[in-house]
Amino acid sequence: MDKRNAILESAVDLFAAHGYNQTSMQQIAESVGISKGSLYTFFQSKEDLIISIYEHYQQLVFERAFVVGLEGNLPPLKRFAKQFQVQFEGILEYKSYMKMHMRGETAKNSEKLAAMEHRMRGRLFSWLESNLLEVYGEGITPYKWDLMWMTQSIYSSYMMLMISQDDSLEPEILGTHIVRQITLLANDFLNGHSSPLLDDDLMKPFTVSMDKEGAFISFEKRENAWKALYDKIKELSATQVTYLMNIANRISEQCRETDPDELIIKGLFRLLMEEKNIKVEAEELEKQLLPVK
């Protein structure tokens, strides 16, 4: 694990255990085995550190759903359910982060933190909007804000329950359950039994596109690299698609781990690169996932 990620994980553990305000940069530095001065070469302030933590872990969770969305071998409803499933699996894996998030202790009156929270919320709504349109069609557009608002409320409630309970809910069952409830709500709107309460003007404060600041720009490059690889694989023969998709999916699964095994990931990439038609795309994704240290 590189030093920057080691700092993020140690800081998350300390913030989850003791709270943001009660944890000093000196404690974080000591937990990683570096000097406080070295810590400031990675993060200029504790505020920058907490923002990087939020963006890093949210992306790890969202990237799981993004890659599932690229697979293309599942019907839309099942794919939507699996996207929820892998996010809940990530939430369970990153429990320290989620506990830190639930404590709600961060820098007060921070414009940078408020902007980050706006981006995070925007990413969730953008993902939901894309899936609602794909699963239920353009006819769902007048009702999308009501559905997104209700869905994020359901999602957040189950997320908090998973973190606070020792006996966790099963992510696969939960993903299927949530999509079933969304479908019931969507059909209620589409069948004319309910009218929307929310619209674009009312929800304008919650509309945000992927910005070009902070950590998200590097994650956007990763997502583009994933998409380029999957799109290229889909152009090959059926036998090749099955084989290469399995390898790409194995890489995605490895990258979901808290401490991914780089040797396994590199070995899987070597297998992909044996197919000359996707070599360029595989090399680019490897560069994004395993940058030179």
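Ala, Val, Leu, Ile, Met, Phe, Trp, Tyr, Cys and Pro count as nonpolar, Asp, Glu, Lys and Arg as charged, and the others as polar. By that scheme, the lining of the largest cavity divides into four nonpolar residues, one polar and four charged. The model is predicted.

**The cavity**

- How many cavities of 30 Å³ or more does a search of the whole structure find? The search finds one.
- The space in the largest cavity is about 80 Å³.
- Its lining is made up of Leu60, Glu63, Arg64, Val67, Tyr94, Arg222, Ser252, Cys255 and Arg256.
- Two elements, α4 and α11 (238-256), each give two or more residues to this lining.
- Helix α4 has the largest share, with four residues.

**The second largest pocket**

- This pocket holds about 580 Å³ of space.
- It is lined by 20 residues, and the closest to its centre are His101, Met120, Leu124, Ser156 and Met159.
- Four helices each supply at least two lining residues: α4 (46-71), α6 (95-103), α7 (111-136) and α8 (144-164).
- Which helix gives the most to the lining of this pocket? Helix α8 does, with six residues.
- The lining of the second largest pocket has 14 nonpolar residues, four polar and two charged.

**Aromatic pairs**

- A pair of aromatic rings is described by how far apart the centres are and by the angle of the planes.
- The structure has 14 aromatic pairs.
- Why does the pair of Tyr57 and Tyr97 count as stacked? The ring centres are 5.0 Å apart and the planes are at 10°. Centres within 6.5 Å make a pair, and planes under 30 degrees apart count as stacked.
- Tyr57 belongs to helix α4 and Tyr97 to helix α6, so this pair ties together parts that are 40 residues apart in sequence.
- Tyr57 is buried, at 6% relative accessible area. Tyr97 is buried as well, at 5% relative accessibility. The cut-off for buried is under 20%.
- Phe84 and Trp127 form an edge-to-face pair, with 5.2 Å from centre to centre and 80° between the planes.
- Phe84 is in helix α5 (residues 76-93) and Trp127 is in helix α7, so their pair links parts that are 43 residues apart in sequence.
- Are Phe84 and Trp127 buried or exposed? Both are buried.

**A cluster and a charge over a ring**

- One aromatic cluster is formed by Phe62, Phe80, Phe84, Phe88, Trp127 and Tyr155.
- Lys46 places its charged end over the ring of Tyr20, 4.4 Å from the ring centre.

**Helix α1**

- Helix α1 runs over residues 3-18, which is 16 residues.
- Several α1 residues are buried: Ala6, Ile7, Leu8, Ser10, Ala11, Val12, Leu14, Phe15 and Ala16.

Methods:
Residues are numbered from 1 along each chain as its sequence is written. This is a predicted model: local features need pLDDT of at least 70, side-chain atom pairs count only at pLDDT 80 or more; totals for chains, interfaces and linings use all residues. Side-chain values use heavy atoms; hydrogens and water are left out. The expected span of a helix is 1.5 Å times one less than its number of residues. Buried means under 20% relative accessible area, exposed over 50%, partly exposed in between (1.4 Å probe, protein chains only). On a 1 Å grid over the protein atoms alone, a cavity is a set of points where a 1.4 Å probe fits but cannot get out, and a pocket is an open set with protein on both sides within 12 Å along at least five of seven lines; lining residues have an atom within 4 Å of a point. Grid points are joined across faces, edges and corners, and a volume is the space filled by probe spheres set on the points. Rings of Phe, Tyr and Trp (its six-membered ring) pair if their centres lie within 6.5 Å; planes under 30 degrees apart count as stacked, over 60 as edge-to-face and the rest as tilted. A charge sits over a ring if NZ of Lys or CZ of Arg is within 6 Å of the ring centre and within 35 degrees of the ring normal.
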